[in-house]
Amino acid sequence: MKKLFILLMILAAVCFVGVWIYQTQRLKKNAQAKIGKGQVIMNWGLIILFVIGLVGTFTAPGDKTSEPAEHHPANEHATKVSKAQSSSESAAAASASSSQAASSSSASSSSSSQLQVDFPTDVSLNKTGDATVSFKAPANTQFEIKDSNNNVVTTLNGNAQGADQTYNFKKPGKYHVTAHNGDQTIDKDLTVRGIGQ
């Protein structure tokens, strides 16, 4: 489509220059020659076609598709999602068994302190299209990150030392983060804004 507009612009410019040269030579030979309505309409028509071609060149979609936001192969993303889903299924099974154990324990032990996690809930992509978020939580805390369509983006498994866990977001949007540690669970929302937002 873009090539069509470029061709239109070039043809209109060449025709306009040709008509202009013809008209100026004709006027030099015969100073009394009148400019007719047809010449005026042709000049303005060629100018309008040139402008349409110029505007179309810059606004028409190109022949090639744009690059995806992430520079990872598609199969790598699918592998991450399937790994995240399988680990979230095993985490759900572990959570279910720990929930049963917790329900069988005494009422005083079930009123333990709430899980404390810390991470920014509103971040923006930087100039390279990345937003690195650091998740701070006690040891052995697992984070599950889902996008706005409730698809698992990734699962971060905690370690015994309780080191911060990080994830590099590539796409803007709203995410739901669930942290699990034993029988304790906490949910928070996270917003990743586009570049410069």
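In this predicted model, Pro138 is partly exposed, with a relative accessible area of 39%. Pro138 is placed in the loop between β2 and β3. When residues up to four places away in sequence are not counted, Pro138 touches Leu115, Gln116, Gly162 and Asn181. Gly158 lies 20 residues from Pro138 along the chain, and the C-alpha atoms of these two residues are separated by 8.3 Å.

The loop between β2 and β3 also holds Asn140. The backbone of Asn140 has a positive phi of about 65 degrees, although Asn140 is not a glycine. Most residues other than glycine have a negative phi. Asn140 counts as partly exposed because its relative accessibility is 47%, a value between the 20% limit for buried residues and the 50% limit for exposed ones. A positive phi, near 65 degrees, is likewise found at Asn150, a residue other than glycine. Asn150 belongs to the loop between β3 and β4. At 52% relative accessibility, Asn150 counts as exposed, since the cut-off for that class is over 50%.

A further asparagine, Asn126, is located in the loop between β1 (122–124) and β2. With a relative accessible area of 38%, Asn126 is partly exposed. Asn126 and Arg193 are 67 residues apart in sequence, and their C-alpha atoms are 9.5 Å apart in space.

The secondary structure of the chain consists of 4 helices and 7 strands. From the N terminus on, the order of these elements is α-α-α-α-β-β-β-β-β-β-β. Of the 197 residues of the chain, 27% count as buried. Among contacts between residues at least 6 apart in sequence, 60% join residues at least 24 apart.

The largest nonpolar core has 21 residues. Val117, Phe135, Phe143, Ile145, Phe169, Leu190 and Val192 are the members with the most contacts inside this core. Two or more residues are given to the core by each of β2 (131–135), β3 (142–146), β4 (152–156), β5 (165–169), β6 (173–181) and β7 (184–193). For Phe135, one of the residues with the most contacts inside the core, the partners beyond four places in sequence are Asp118, Phe119, Phe143, Ile145, Leu156, Asp164, Gln165, Tyr167, Phe169 and Val177.

In the helical part of the chain, the packing of α1 and α2 was examined. Two packed helices are described by the angle between their axes and the distance between the axes. The axes of helix α1 (residues 2–29) and helix α2 (residues 37–59) come within 8 Å and cross at roughly 155 degrees. Helix α1 is therefore roughly antiparallel to α2, the cut-off for this description being over 145 degrees. The crossing of the two helices is left-handed. On the α1 side, the contact is made by Lys2, Phe5, Ile6, Leu8, Met9, Ala12, Ala13, Cys15, Phe16, Val19, Gln23 and Arg26. Helix α2 contributes Gln39, Met42, Asn43, Leu46, Ile47, Leu49, Phe50, Ile52, Gly53, Leu54, Gly56 and Thr57. The residues of this contact divide into 16 nonpolar, 6 polar and 2 charged.

Technical notes:
Residues numbered from 1 in each chain as written. Predicted model: local features only at pLDDT ≥ 70, side-chain atom pairs only at ≥ 80, totals over all residues. Heavy atoms only, no water. Axes fitted to C-alpha atoms, helices over the stretch in contact; angles between N-to-C directions. Parallel < 35°, antiparallel > 145°, perpendicular 65-115°, else oblique. Left-handed = near helix turned anticlockwise from the far one by under 90°. Contact = heavy atoms within 4.5 Å. Nonpolar A, V, L, I, M, F, W, Y, C, P; charged D, E, K, R; others polar. Core = buried A, V, L, I, M, F, W, Y, C linked by side-chain atoms within 4.5 Å. Buried < 20%, exposed > 50% of the residue type's maximum accessible area, 1.4 Å probe, protein only.
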